[in-house]
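User: Please examine the assembly shown below and discuss its interfaces in question-and-answer form.

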Amino acid sequence: MSALLEVERVTMRFGGLTAVDDASMAVPEGAITGLIGPNGAGKTTLFAVISGFLAPTAGRVRYRGDDITDLSVHVRAERGIARTFQVVQPFAGLSVRENIAVGAYLRHAAREEALAAAGAVAERVGLTRMLDQQAGALTVAGRKRLELARALATEPTLLLLDEVLAGLNPSEIRDMIPVIRRIRDDGITILIVEHVMQAVMNLCDRVHVIAQGKLIAEGTPAEVARNPRVVEAYLGHGAAERMLRVQGGG
Amino acid sequence: MSALRPYAAILAVLAVLAVLPVVFTSGTMQNFLIFTLIVALAGQGWNLLGGYGGQFSFGHASFFGTGAYAIAILQERLGLNPWLALPIAIGLGALVGAVIGTLAFRARLRGSYFALVTLAFAEVFRIVANVLPVTGGAAGILIRLNVDPLNFQFADRAAFHWLTLLFLGAVMLLVRALERGRFGARLVAVRENEDAARALGVDVLRVKIAAITLSGAITAAAGCLYAQKFLYLDAMIAYGPWISVEALLAPIIGGLGTVFGPVLGAFVLHGIGELTKTWIATLTGGALPGVDLVLFGVLLIITVGFAPRGILGLLPRLRVRAA
Amino acid sequence: MYSPEILLTAVLNGLMTGSVYALIALGLTLVYGVLHIINFAHGATLTAAMFAVYVLHGAAGLDPYVAMIVTVPGLFALGYAVQRLVIGPASHGDDGNILLVTLGLAIIIENALLAWFRSDTRSIDVPYGFSVIEVGTLFLSLPRVIAVFGVLLVALLLWLFLARSTTGQAIRAVAKEKTGAALVGIDVGHIYAVTFGLGAACLAVAASLLMPTFLVNPRIGNAFVLVAFTIVVLGGMGSIPGALLGGLFIGVVESLSGLFMGESLGQIGIFLIFILVLLIRPTGLFGAKA
Amino acid sequence: MTKTAPGIRRRSLLAASAALPLAAPHVRAQPAAVKIGIIQPVTGALAQDGEHGRLGAEIAINEINRTGGIKALGGAQIQMVFGDARSTPEGGVAEVERMQGEGVAAIVGRFASPICLATTQAASRYDIPYIVDVGVSDQIVTRGLKNTFRFAPGFGTVTRTALDNLVAINEAAGKPAQTAVIVHEDGLFGSGMARLLNTQLPERGFRVLETIAHPTPSRDMSNVALRIRALQPDLIIPSSYYGEFVLLARTMQQQRIRPKVGIYAVLNGAASNFRFVREFPDAANHIMDCNHWADPRKPKTAEVRAAAEATGRFWLYNIPLNYSCVRLLADAIERAGSTDRVKIIEALAASTFADHIMPYGPTKFENGQNMGARPVNTQVQGGDIKLIFPREFADAQPVFPAA
């Protein structure tokens, strides 16, 4: 698999604070790649750099081999990079259909086509019945789907999902996972930032782990879960040893 | 036929407005109607940027005044026919909009900051217009009375009414068309959430600048009509805060971000305003200056606080039709 | 072109005017710093305060400085009530709404004053109105010198209040972290209203300091409001030292540009500064970054 | 214009003549009242002028009605229809429309600001005779509007007369004044005046040291005072409205700045205003003004002044001017023998009315301007406003130099 997106030695500093430190990673085409890490590890910052909402202090981001570091967000969207927001950002005053259409207009200038495309996308994420509701009236789960639908409506090649499962209850998560899988199966590459571990294990083909601004591990979900540095990063210093001891003892 | 359906309500309202000068023949009433239509037109300009785009300007006088002064100066100083001066004046309004928009939006001014900077621009225009010789300085500029349709002056007030209505109608149809198209969707997306819009491929800066440019053009057209109707301008009239306030009150009270809002708002405000003034005058035997504006201020607060969709939002049936 | 003596007088005049500007801006920036709102009705409130001083002088024979006994608590109460009963409930905490609501208030106040007092320009005549203090060859207007000290006193009192009193500490807590303040039991709505009242009370003081040498008409607040906004933006939104410095700076700029460019065009300087600061450095010239 | 105007006229006259008998069906014995529109600014910066203008008109109307009304119309009473000359063109035009709706025979109005240009144009559409009491813009009588008449002297005339009088006063005193500083408000009135002064003062041998503009309203006159102090002129020539001039006079008094010879105002808002004189006698003392002023020698003047002061108001020039304008109009209606507007316009144009209380002589209109009109010089002396020049009207000697 070739890399659709490459992050090359990205560093992001805010004043004296280094949020992302010399991070490099690749997102292979056609797969679901996860970016995980404990709270405050820098994954949101790295995600913002990738999606173009922050300009990195140093380093480059490449997409299909092109340097896109300096491209603005909307140009990235035109090139086929879409994103969702962790804190859902619906256009509250608009209906679900109109919300999705804003994304669809990127590829369809005409109203009828854009609305039709919006309807089709809604079906893919299971929002068909809510199409004429006001977006502000949706449940949290509905809004998460709307985030997904709007991004999909831009017909992306690469979809960046920012904690799309956070805030959902277990049954809602179970409903959402197949939706995301299906998107991957339709040929859209996905990079997902997540801290719901169950989802990551289920969904991702490969996972990158970030802690204290540094990428510390990379591999399949199973590999990463066994990595002592990862366990330590999540559970605190010494946790990996204790865990190993428990496993060894058992 | 179905292609016309979204426009049917607008055409119906325009038809009603067109009949008014036939029903009301007094000069006072007809002047009132024309003035209200001009305010509604300026309000349409504001509404495009403020209602649909969410960028609240406190300085639409910049555009109104530019349109008004441009047509008056081209006509009186350069001898241009007002019909030819009209598109130039509207273009200049658009240009002022583009320049202010580019400066303000590039600097990422939003919310209160944008409101204040537009206000400051209008004040600068006002001070400059008050000293420049070409604007007549403080003496203002008078468009000479020369009643001739070729000269934009009509013996019959109804003709001017219909002309103003033609502009208003064209703008309403345009706004409705924009509302139903890509630009409108993007503009509203920018109002609702800039980051989300950006992520969906919307060039937020360009959309905002396009909106303020168009907004400037529409409000400049209102300025042109004002100048041609009342034939006199000075800096306070053209660039004064009154029109900035009128232009934002009409759409907010009528219904923010709707095609009918500015029209409804203008008629309700000025209707109530005139009635109040008359009522106070008969009650106290004299005019009480400013009472209408006190009422406007109260209505503004009530609307913002308790009826954010304006009067239109209180009329559920109409809202469905307008949607 | 001008003798040093005249330039010095112009600068001193600017500083004296600027100190009152600073006080007006102080109220505005205080409200911004705590509530994060731009109070568009600030100028109109000042006009109302000036009319209050005018009426108290005319009807009750109160000296403008003595009138503060009435106007300061009066405007504090008015500000408190307006925030609690009007701005708070009507704006739902939305930035754009607040701006519109305060615009509505400005329209109401200005035109109510217009209806009541008509648009005549009025002034009051006090025996010391044109008294001077002779400093060398300079004649400094006594009421304006009093104004400078008055402003300094108010700034000092305000600082002490914010630093020492329980309410002051609560105000600072709310300004820093609203949610946190609410969690430790501070009544945020009350603190907001108190702050708004303080902002209005500053205007009451400013009105008393202005009226001995100044004139009032229902639209006079407009002349001040953009100046005050300029100062607040220049000094950094929410910064009290910024407002003081900015006020003095603008006062001197206005005085010198009036001297050199003429009063008419001199005004434009303030607006241009305002626009440029907003476009180039919205965090202000003196202000610390947010 | 020529094609459409007669159509309007016929229609409006029909409307007017139809309305009049209907309005008073029961008072057959009494002839229908003649309605006269009075438009004055009673709100806005010029409200003080407007209120006094209205008072003058009222005194005249009362007097006419008391002494038998319009005799040519069977002793018809005059009825005032008052309108506020508001500060917007649409407001002014709306008042004209209202007057038209009420069927007024003519309008007497203050030319409060250039906005009234729009008002007179609106009136001309209906051929309503429009007598302007004063008007600072000479555009008012240079537009070829047949319905518009100005009773008081025009801007240019006032300035020229003011300077001629200044030269005469100066020469009589041995030419103490040679330099001047012009202070003016930056509106139509002050700017126009400053332009004229700047061309005409040097022609008469005065050196203009500087021209200082200030906005209305002004918050602070310190800078103006400072510049005057730096320039040390013989004369200060201010053209400002009331508030600003009072502020300047008081600031100068405070800063102990006195021009070497005096303050010589032209059409000043305060220098011929008793309010200023009463409230600030020290600052006002010896200020000269060239302005509109009633003829103190005419017996009627004292009568009107007494009537005005009985209402508790100060004696401002607006009162005699508007009194005179209404009397002039009544005279024209008498001679027209009808309320037909066109006939009134003709009667006004041919008018030689002498029974007014201004120091003008009989009226004589050329292109709407009363050619005999002229201003006079006043000076504040010991708490009173005295007429000091020309000598034939004067009731006091000039104090010049005033310092």
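**Interfaces between chains and domains**

Analyst: Between chain B and chain C, the count is 3 residue pairs in polar contact, both residues at pLDDT 80 or more. The model is a predicted one.

User: Which helix gives the most to the side of chain B that touches chain C?

Analyst: The elements that give two or more residues to this side of chain B are helix H4 (82–106), helix H5 (111–131), helix H11 (241–254) and helix H13 (291–306). With 14 residues, the one that gives the most to the side touching chain C is H5(B).

User: How do the residues of the side of chain B that touches chain C divide into nonpolar, polar and charged?

Analyst: Across the interface of chain B and chain C, the rule finds 0 salt bridges. On the side of chain B that touches chain C, the residues divide into 30 nonpolar, 5 polar and 1 charged.

User: What is the area buried between chain B and chain C?

Analyst: In this pair, 36 residues of chain B are in contact with 35 residues of chain C. Carbon and sulfur atoms give 84% of the buried area, which is about 3300 Å².

User: Which residues of chain B lose the most area to chain C?

Analyst: Three residues of chain B together make up 19% of what that side buries. Those that lose the most area to chain C are Tyr113(B), Leu116(B) and Ile301(B).

User: How many salt bridges does the rule find across the interface of chain D and chain C?

Analyst: Here 30 residues of chain D are in contact with 38 residues of chain C. One of the salt bridges joins the side chains of Glu134(C) and Arg256(D), at 3.1 Å from N to O. For salt bridges between chain D and chain C, the number found is 3.

User: Which element of chain D gives the largest share of the side that touches chain C?

Analyst: The area buried between chain D and chain C is about 2900 Å², with 49% from carbon and sulfur atoms. Strand S7 (207–214), helix H7 (222–231), helix H8 (242–254) and helix H9 (274–279) of chain D are the elements that give two or more residues to the side touching chain C. The largest share, 7 residues, comes from H7(D).

User: What area is buried between domain 1 of chain D and domain 2 of chain D?

Analyst: The domain assignment of chain D gives domain 1 (33–153 + 298–370) and domain 2 (156–291 + 376–389). Over C-alpha atoms, the centres of these two domains of chain D are 29 Å apart, and 13 residues of domain 1 are in contact with 13 residues of domain 2. The count of salt bridges between the two domains is 0. Of the buried area, carbon and sulfur atoms give 69%, and its value is about 1100 Å².

User: Is Glu95(D) buried or exposed?

Analyst: Glu95(D) belongs to helix H3 (residues 89–102) of chain D. A polar atom of the Glu95(D) side chain lies 3.4 Å from the backbone nitrogen of Asp84(D). Because its relative accessibility is 9%, below the 20% cut-off, Glu95(D) counts as buried.

User: Which chains have the most contacts among the 4 pairs that touch?

Analyst: Chain A and chain C do not touch, and their nearest C-alpha atoms are 12 Å apart. Chain A and chain D also have no contact, with closest C-alpha atoms 38 Å apart. Among the 4 pairs of chains that touch, the most contacts are between chains B and C.

Notes: Residues are numbered from 1 along each chain as its sequence is written. Chains are lettered from A and ligands numbered from 1 in the order in which they are written. This is a predicted model: local features need pLDDT of at least 70, side-chain atom pairs count only at pLDDT 80 or more; totals for chains, interfaces and linings use all residues. Side-chain values use heavy atoms; hydrogens and water are left out. Contact means heavy atoms within 4.5 Å. Buried area is the accessible area (1.4 Å probe) that two parts lose on being put together, summed over both. A salt bridge is a side-chain nitrogen of Lys or Arg within 4 Å of a carboxyl oxygen of Asp or Glu. Helices (H or I, at least four residues) and strands (E, at least two) are DSSP runs, numbered from the N terminus. Domain bounds come from an automatic or database domain assignment. Buried means under 20% relative accessible area, exposed over 50%, partly exposed in between (1.4 Å probe, protein chains only). A polar contact is a pair of N or O atoms within 3.5 Å; within protein, one must be able to donate a hydrogen and the other to accept it, and residues adjacent in sequence count only if both atoms are side-chain atoms. Ala, Val, Leu, Ile, Met, Phe, Trp, Tyr, Cys and Pro count as nonpolar, Asp, Glu, Lys and Arg as charged, and the others, Gly among them, as polar.
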